[in-house]
Amino acid sequence: MTFPRTNPRATARLRMTALVALPVLALSVGCGGGDDGADGTRKSDVVADVPRTPTADGTTKDAGGPSAPPAGKSAFYDAQMKYVQCMRVKGGYKDFPDPKLSGYLDWDEVNEIGSQPGRNEGIKGGRNGACVTELRASMDAEPERDQQKSYESMLAHAKCMRDNGVSRFTNPTMSGGNAQPGGDPNPASPSIDTDSPAYKKARKACESKLLYGLDGMQ
């Protein structure tokens with residue numbers, strides 16, 4: 001069964017609503033970091049552990065090796081840099097991390113900052129929404145994603161998480177042709193302790209399952 005490719009701008013706008021509403025991204029998918037879809041509505045996770053892992057645009061990267069920037073993403077990178085700079089200057093987060101060469105943010109780093117006392121508010125859109133415009137622009141510039149590949153990668157990631165001891169980690173779903181992340185069965189009242197050593201160990205073991213930009217979403 002195949003799923004249509006969807007315009008990332010449409011999914012980005014959907015994610016935006018949850019993004020500015022929630023204080024911190026649920027790190028249900030986060031292995032590498034691509035502030036990927038940089039938004040609250042969760043995107044899904046990545047591919048299986050193989051020597052070479054396909055990226056969202058069909059290219060490959062060596063598992064465990066440095067992340068090479070996918071082709072044609074300079075506009076996305078530039079938009080992300082404007083968002084990052086806004087977060088540092090106007091958003092209240094001077095230590096907000098640079099995007100990866102792929103253009104995606106490292107949500108492990110972002111969430112780590114947001115987990116510090118008094119720093120949850122505005123971790124995605126900036127304090128008082130100061131950087132929502134830049135965030136929206138960066139999401140609009142995100143390259144088109146193959147939703148079927150996203151779903152398959154998230155599914156592999158979810159299975160890996162369960163195999164590594166996070167038994168309650170749920171599978172992703174497809175909704176309206178878009179891949180929706182799995183993770184905690186009840187995000188509103190989390191039952192998975194994402195700060196536990198066991199969870200962090202599982203995420204590390206499963207990070208190579210994730211495609212660019214999906215980490216930090218599931």
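Reader: How many aromatic pairs are there by the rule?

Author: There are two aromatic pairs. The rule takes the rings of Phe, Tyr and Trp (its six-membered ring) and pairs them if their centres lie within 6.5 Å. Before we go on, note that this is a predicted model, where local features need pLDDT of at least 70, side-chain atom pairs count only at pLDDT 80 or more, and totals for chains, interfaces and linings use all residues. Residues are numbered from 1 along each chain as its sequence is written, and side-chain values use heavy atoms, with hydrogens and water left out.

Reader: Why is the pair of F76 and Y104 called edge-to-face?

Author: Look at the angle. Planes under 30 degrees apart count as stacked, over 60 as edge-to-face and the rest as tilted. The planes of F76 and Y104 stand at 70°, and the ring centres are 4.8 Å apart, so the pair is edge-to-face. F76 sits in helix α2 and Y104 in the loop between α2 and α3, 28 residues apart. Helices are DSSP runs (H or I, at least four residues), strands likewise (E, at least two), and both are numbered from the N terminus.

Reader: What makes Y83 and F96 an edge-to-face pair?

Author: The same test applies. Their planes are at 80° and their centres 5.6 Å apart, so this pair is edge-to-face. Y83 lies in helix α2 and F96 in the loop between α2 and α3, so the pair ties together parts that are 13 residues apart in sequence.

Reader: How do you know whether Y83 and F96 are buried or exposed?

Author: Compare each value with the cut-offs. Buried means under 20% relative accessible area, exposed over 50%, and partly exposed in between (1.4 Å probe, protein chains only). Y83 has 0%, so Y83 counts as buried. F96 has 1%, so F96 counts as buried too. F76 and Y104 are both buried as well. In the chain of 218 residues, buried residues make up 50%.

Reader: Which residues touch the most other members of the largest nonpolar core?

Author: They are Y83, M87, Y93, F96, L105 and I123, out of 15 residues in that core. A nonpolar core is a set of buried Ala, Val, Leu, Ile, Met, Phe, Trp, Tyr and Cys residues joined through side-chain atoms within 4.5 Å. α2, α3 and α4 each give two or more residues to this core. α2 gives the most, with four. A second, separate core has nine residues, including A158, F169, Y199 and C206.

Reader: What makes D98 and R88 a salt bridge?

Author: The term needs a side-chain nitrogen of Lys or Arg within 4 Å of a carboxyl oxygen of Asp or Glu. For D98 and R88, the N to O distance is 2.6 Å. That passes. D98 lies in the loop between α2 and α3, R88 in helix α2, ten residues apart. By this rule the count comes to five salt bridges. Another joins D95 and R119, with the closest N and O atoms 3.0 Å apart. K204 and E207 form one at 3.1 Å.

Reader: Why is R119 called buried but D95 partly exposed?

Author: R119 has 17% relative accessibility, so R119 counts as buried. D95 has 39%, so D95 counts as partly exposed. E207, with 29%, is partly exposed.

Reader: How do you know that the buried residues of α6 line one face?

Author: First, the list: Y199, A202, R203 and C206 are buried in α6 (residues 197-206). Seen down the helix axis, these residues fall within an arc of 100°, so they line one face. The arc is that of the directions from the helix axis to the C-beta atoms. An α-helix has 3.6 residues a turn, so residues three or four places apart point the same way. P197, K201 and K204 are exposed on the other side of α6. The buried residues of α6 pack against α5 (147-163), where contact means heavy atoms within 4.5 Å.

Reader: Why is R203 called buried?

Author: The relative accessible area of R203 is 5%, so R203 falls under the buried cut-off. A polar contact of 2.8 Å joins the side chains of R203 and Y199. That term means a pair of N or O atoms within 3.5 Å; within protein, one must be able to donate a hydrogen and the other to accept it, and residues adjacent in sequence count only if both atoms are side-chain atoms.
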